[in-house]
Amino acid sequence: MSAFDVLNNFEYGKPIYTRKPIPNFKTEAEKIKYYEKKYELWRNGDGKLTGMHLYYLDNIKLANRVTGEETFPICRDIDVVVFHEIERLRKLNKWLYITKARGIGLSTLMFTVPFWYFRMYPNSTCVATTGKDKKTLGRLFSSYTMFAYENMDENIKPPFVNKNETASESFLKVNVKVKTDEGIKYKLSRFECKETSDTPKSPTAFSGYGAIYGAFDELPLHPRRSELIGSAKEIFRNPITKKIEGFLIAGGTVEDSVSGEDLAALKDFVQHCDG
C-alpha cells in the first residue's frame, strides 16, 4: 500500500495512528510476548505504516522547541509520505533527497532513525553531518539523538557504552541485546556525527567507515557537497557484494540564503548522482 493509499483510506479528522502506552506487565512472559509482537511490527509494519515509522511513533520522545513540553510524535501525513519513500528506496538500494519548507521535522527524523537501525541491524554504524556550522551539528545531536535516548523506555533503551559531544564530532555508542544459539550477546552499534565542510579534507571525515544509514542535513548549504557525496559512496558500499547498500537521506530547506543558482546546481547534482 502506497503512502497516498494509506492517507486516502483514513477518515478525515481522525488520527492516522494513536500511540498506546506500554502496559504494566504482570509476568515476564507477558512482557516477552508483548515485545515479540511489537518487534515484528517495527520490522515489517502493519500494512499501512512502515515498521520504521511505527518504531519512531512508539519510542522516540521529542521536546517542543518553544514550550519544552515532552511528547511522542504525532502521525502526520508528511511523515507517512517520507517513511514510505524511505522504505521503497531502501529496497531498491537508492537514496532519498528532499527539498522542503522549514518546520516539517526532517532533521528530527534524520537524527533519531538510527535507533531503529540499531535494533534491526545490531553491530552497525550510522553517520550524519550538516551543511550548516559546527554548532548546528552539536545541537542536532544533543536535542534530538541524546534527548530521545535519555527519555527512551528502559525496556527498549539499549545499554549505554560511550558518547562524545563536541563542536566538530559527536557520537553515541550502545550495546544491542541479541538472541543467538549460544545465548544472549551484545552487539556494539554506533551513531557518528562529524563536521565535513571546514577544509578541503573535511568531506572525507567518514573515510574508512562502513555505514548502514547516513543523514546529510541541509545539503544545499554544504560548500563541499559534491566532494562529500563522492566520498560517501564508499561508506555505503558493501565490501562483499561491491554494491551500494547503505541508505542515505539528505535534505535541504528552501530559504533566502539559498540562491536560484544554488538550487539549479543542486538539481543538476542530484540528477547525476548515481547513488
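Colleague: Why does glutamate 218 count as buried?
Modeller: Glutamate 218 has a relative accessibility of 4%, and buried means under 20% relative accessible area, with exposed over 50% and partly exposed in between (1.4 Å probe, protein chains only), so glutamate 218 counts as buried. This is a predicted model, in which local features need pLDDT of at least 70 and side-chain atom pairs count only at pLDDT 80 or more, while totals for chains, interfaces and linings use all residues. Residues are numbered from 1 along each chain as its sequence is written, and side-chain values use heavy atoms, with hydrogens and water left out.

Colleague: Where does glutamate 218 lie, and what is its phi?
Modeller: Glutamate 218 lies in the loop between strand 8 (213–217) and helix 8 (225–235), where helices (H or I, at least four residues) and strands (E, at least two) are DSSP runs numbered from the N terminus. Although glutamate 218 is not a glycine, its phi is positive, at about 50°.

Colleague: Why is asparagine 93 called partly exposed?
Modeller: The relative accessibility of asparagine 93 is 30%, and this value makes it partly exposed. Asparagine 93 belongs to the loop between helix 4 (77–91) and strand 3 (96–100), and it too is a residue other than glycine with a positive phi, here of about 55°.

Colleague: What makes proline 200 exposed?
Modeller: Proline 200 has 67% relative accessibility and therefore counts as exposed. It is found in the loop between strand 7 (183–194) and strand 8, and its C-alpha atom is separated by 7.9 Å from that of arginine 224, 24 residues apart along the chain.

Colleague: How do you know that the buried residues of helix 2 line one face of the helix?
Modeller: In helix 2 the buried residues are Tyr35, Lys38 and Trp42. Seen down the helix axis, the buried residues of helix 2 fall within an arc of 60° (the arc of the directions from the axis to the C-beta atoms), so they line one face. On the other side of helix 2, Ala29, Lys33 and Lys37 are exposed. The buried residues pack against helix 3 (51–59) and helix 6 (114–120), contact meaning heavy atoms within 4.5 Å.

Colleague: How many aromatic pairs does a search of the whole structure find, and why is the pair of tryptophan 116 and tyrosine 121 called edge-to-face?
Modeller: The search finds 17 aromatic pairs. For tryptophan 116 and tyrosine 121 the ring centres are 6.2 Å apart and the planes stand at 65°, so the pair is edge-to-face; rings of Phe, Tyr and Trp (its six-membered ring) pair if their centres lie within 6.5 Å, and planes under 30 degrees apart count as stacked, over 60 as edge-to-face and the rest as tilted. Tryptophan 116 is buried at 4% relative accessibility, whereas tyrosine 121, at 30%, counts as partly exposed.

Colleague: What places arginine 19 over the face of phenylalanine 72?
Modeller: Arginine 19 is at 3.7 Å from the ring centre of phenylalanine 72 and lies over its face, a charge being over a ring if NZ of Lys or CZ of Arg is within 6 Å of the ring centre and within 35 degrees of the ring normal. Lysine 157 lies over the face of tyrosine 149, at 4.8 Å from the ring centre.

Colleague: How do you know that strand 5 and strand 6 pair?
Modeller: Strand 5 (residues 160–165) and strand 6 (residues 169–180) share five bridges in the antiparallel sense, and two strands pair if DSSP finds at least two bridges between them. Lysine 163 has leucine 172 of strand 6 as its bridge partner, and a hairpin of three residues joins strand 5 to strand 6.
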